Amino acid sequence: MSIRLNPDLLPSLLADIQLSLKNETTASEQLATGQAVNQLSDNPGAAASLVGNANQSSADDQYQQSDATLQGKFQVADATLGSVVTALNAAISLGTEGASGTVNAADRTAIAAQVQGLITQTLGLSNTTYQGAYLFSGTAVNTQPFVQNAATGAVTYAGNAGATTVAISNGDNVGANLPGSQLFQNAAGSVFGALQDLNTSLLSGTGIGAAVTELQTALTQVSTNRVFYDNGLSQLTSAGNYLNQDKLDLSTQVNSLVGADPVAAASNFSESQIEEQSLLAATSKVLSLPTLFTYLPA
Amino acid sequence: MASNNIANENTPGYSREVANLTTSPTVDEGPLTFGTGVEVQSVISLRDSVLDLRVNQETQQQGQLNAFIGGGQQIQELFNQTTGAGLQTPITAFFNSVSQLSITPSDPNARQAVLSAAQNLTTAFNQASGSLATLQQNTNLSVSQTVAQINSLTTQLAAVNGEVTANSAPGENVGSLVDQRQQLLNQLSNLVDISEINAGNGSLTVTTSSGAPLVVGEQSFALTSQPNATTGLQDVYSQGTDITPQISSGQLAGEIQLRDQEIPAIQNSLDTLAFDLATSVNTVQEAGTDLNGAAGGPLFVPPTAVSGTAATLAVAITNPSKIAASRDGLPGDNANANALLALQNQNIVAGQTPLNYYAGLVFKIGNDVSTALASQTTGSAALAQAENLQGGVSGVDINEEAANLVRYQNAYQASAEVSATIDTLLLYTITSFTP
């Protein structure tokens with residue numbers, strides 16, 4: 001004797017219709033959002049990986065923003081030092097001119113006045129600010145780094161030797177500043193010292209050659225230290241390239257973690273629709289199936 | 001009987017009935033033995049108690065899983081990383097603001113951004129913890145309501161049980177009462193794990209699977225819910241004994257699992273994350289100096305204990321200049337801001353980085369729901385299979401009933417013909433002897 005089957009087919013059919021609708025909704029959601037993972041339970045591992053991915057992507061955005069700020073700062077610092085180099089070259093020319101035997105004392109005094117102008121110009125450059133903070137005062141960014149004594153003309157450094165570093169991408173840091181003392185009053189060649197010595201020697205008419213040599217040393221020193229900012233800009237460019245690539249990689253990773261395959265989703269949607277329609281048709285047939293009573297004589 | 005079966009084709013819990021027909025006692029006439037026809041010995045409701053039990057067991061599992069999944073899905077919405085919900089965004093935003101601060105440590109806007117990000121972070125912790133607490137309270141309310149539903153069902157069950165016993169004399173048909181009882185048992189199974197013991201005379205003793213009595217004969221034993229002295233949450237009592245930990249399946253078990261295990265575990269993880277993160281940030285903050293050169297104070301109100309930190313975490317300062325970005329006391333120094341930023345990659349939360357720890361929490365939440373959903377799918381198929389088998393035994397088949405009707409009708413017609421023949425013969429005999 002065969003096993004008696006459940007004569008009520010409806011519960012199974014209705015459950016299948018529900019399942020089919022669920023599949024249809026899932027496929028539709030995947031098509032609408034472009035994601036195969038829309039709930040943590042869809043793929044807990046992928047959802048957890050998304051935490052790190054989203055964090056890194058957002059951090060990359062922040063690094064790009066920070067790097068742009070830093071780039072602006074470095075460009076201003078580099079341009080400022082470029083102007084200092086120009087001023088020092090001008091001073092060397094003036095010193096060379098003052099050292100020649102063809103100029104007299106009055107000429108040297110006039111040249112000294114020009115050198116004094118260069119000192120004033122360089123002083124202004126050394127006190128350059130960026131976004132309200134002094135560029136060359138170490139970490140004392142609210143303190144004017146270089147102050148000239150009105151009586152003696154001597155320039156003193158009021159900043160400090162503090163140097164800072166900042167992160168420009170994950171795990172990559174760059175020096176963010178050079179203290180003014182290292183740039184303008186370096187023991188290996190002081191910019192202000194050399195300019196003032198030239199001014200003094202022009203006025204006295206002695207030691208001009210030595211002052212010019214001192215200026216050349218200061219120029220070399222400034223140029224050497226200026227490389228810091230050039231290297232920084234170069235490092236920022238590299239970091240920018242890395243960040244762009246990293247964001248692209250992260251975006252690809254997001255797609256592989258939670259992205260829906262649109263072709264598969266469309267196919268699933270279509271299949272679910274066909275399945276649902278078939279089930280509805282089958283249910284309709286079952287509901288209107290004739291029974292034995294239909295065939296019995298009234 | 002066929003008409004009763006047909007009428008109850010769609011009645012939930014109805015088991016088809018068949019007549020137990022036996023041959024009537026024979027009559028001996030001299031050397032001959034004559035049959036006397038047929039008689040209905042009893043009416044039997046066709047059911048398979050093993051299948052009934054299996055359906056109830058699967059129903060218990062489904063009840064538990066449905067309750068757990070319902071709450072679990074609400075939890076995973078709170079931390080749905082795929083929509084950007086949860087704590088990753090505010091944690092990342094906080095460290096990003098510190099990153100910006102390290103570039104421009106004296107910038108008041110950058111300092112204000114750190115304060116705002118810290119405020120957003122505490123709000124996110126507070127809201128996540130608050131939502132979990134609300135869900136826990138709602139689930140706690142559901143526990144009380146489920147207990148009330150159980151009591152209502154056991155009261156009905158006891159009454160039906162009594163009727164079954166009272167009508168169990170030989171020859172009496174208690175099929176419809178047993179159907180009713182089975183239907184109540186199935187509803188009860190959806191709510192709580194039960195164990196059935198046949199007590200004789202058709203009576204059934206129903207207990208929880210751990211043995212707490214629910215129905216004994218005509219008497220029902222109500223469960224009660226009382227607030228726990230420590231947690232304030234409703235514990236379930238039977239006859240003065242706390243049976244909360246013993247409830248192992250059914251909707252009540254799912255609610256208790258959600259309320260007492262799942263939500264507290266997530267809440268504890270949130271507290272750990274909030275506590276360790278806030279404490280580490282405060283430690284670094286206190287090692288630095290603020291914009292005015294003063295020693296840094298805590299950025300977050302120092303939590304006193306892990307428990308409850310997520311709910312109460314708050315920012316301790318309102319003045320942006322109090323953020324200690326510096327180590328040397330000067331406004332351009334970012335050494336302490338860098339130290340704060342470095343925390344995001346340090347194992348400061350239970351031996352992991354803050355976001356790795358959080359990712360683990362996200363995985364746990366998703367995995368718990370995913371596992372329950374998988375069990376629900378498997379269990380649902382098993383339940384459907386058991387119900388199908390049960391339907392095969394107890395379900396009314398209209399075609400079968402129609403065939404039976406025709407068969408009984410034909411038998412009736414044949415019997416009527418026999419009676420008519422006997423009547424004719426008798427009439428003939430009587431008239432033959434009439435003078």
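**Exercise 1. Determine what share of the contacts in chain B between residues at least 6 apart in sequence join residues at least 24 apart.**

The model is predicted, so local features need pLDDT of at least 70 and side-chain atom pairs count only at pLDDT 80 or more, while totals for chains, interfaces and linings use all residues. Residues are numbered from 1 along each chain as its sequence is written, and chains are lettered from A and ligands numbered from 1 in the order in which they are written.

**Exercise 2. State how the radius of gyration of chain B stands against that of a compact globule of 435 residues.**

Solution. The radius of gyration is taken over C-alpha atoms, and the globule rule is 2.2 Å times the number of residues to the power 0.38. For 435 residues the rule gives a value near 22 Å, but chain B has 37 Å. The C-alpha trace of chain B spans about 145 × 45 × 30 Å along its principal axes.

**Exercise 3. Identify which side chains of strand S10 of chain B are buried.**

Solution. Strands (E, at least two residues) and helices (H or I, at least four) are DSSP runs, numbered from the N terminus; chain B has 10 helices and 11 strands. A residue is buried if 20 or more other C-beta atoms lie within 10 Å of its own, exposed if 12 or fewer, and partly exposed in between, with C-beta atoms placed from the backbone.

**Exercise 4. Describe how S10(B) pairs with S9(B) and with S11(B).**

Solution. Two strands pair if DSSP finds at least two bridges between them.

- Step 1. S9(B), residues 223–227, pairs with S10(B) in the antiparallel sense over 5 bridges, and B:Ser225 stands opposite B:Val236.
- Step 2. The hairpin of S9(B) and S10(B) has 6 residues between the strands, and B:Gly232 takes a positive phi near 80° there.
- Step 3. S11(B), residues 241–242, pairs with S10(B) in the antiparallel sense over 2 bridges, with B:Ser238 opposite B:Thr241.
- Step 4. The hairpin of S10(B) and S11(B) has 2 residues between the strands, and B:Gln239 takes a positive phi near 50°.

Notes: Contact = placed C-beta atoms within 7 Å.
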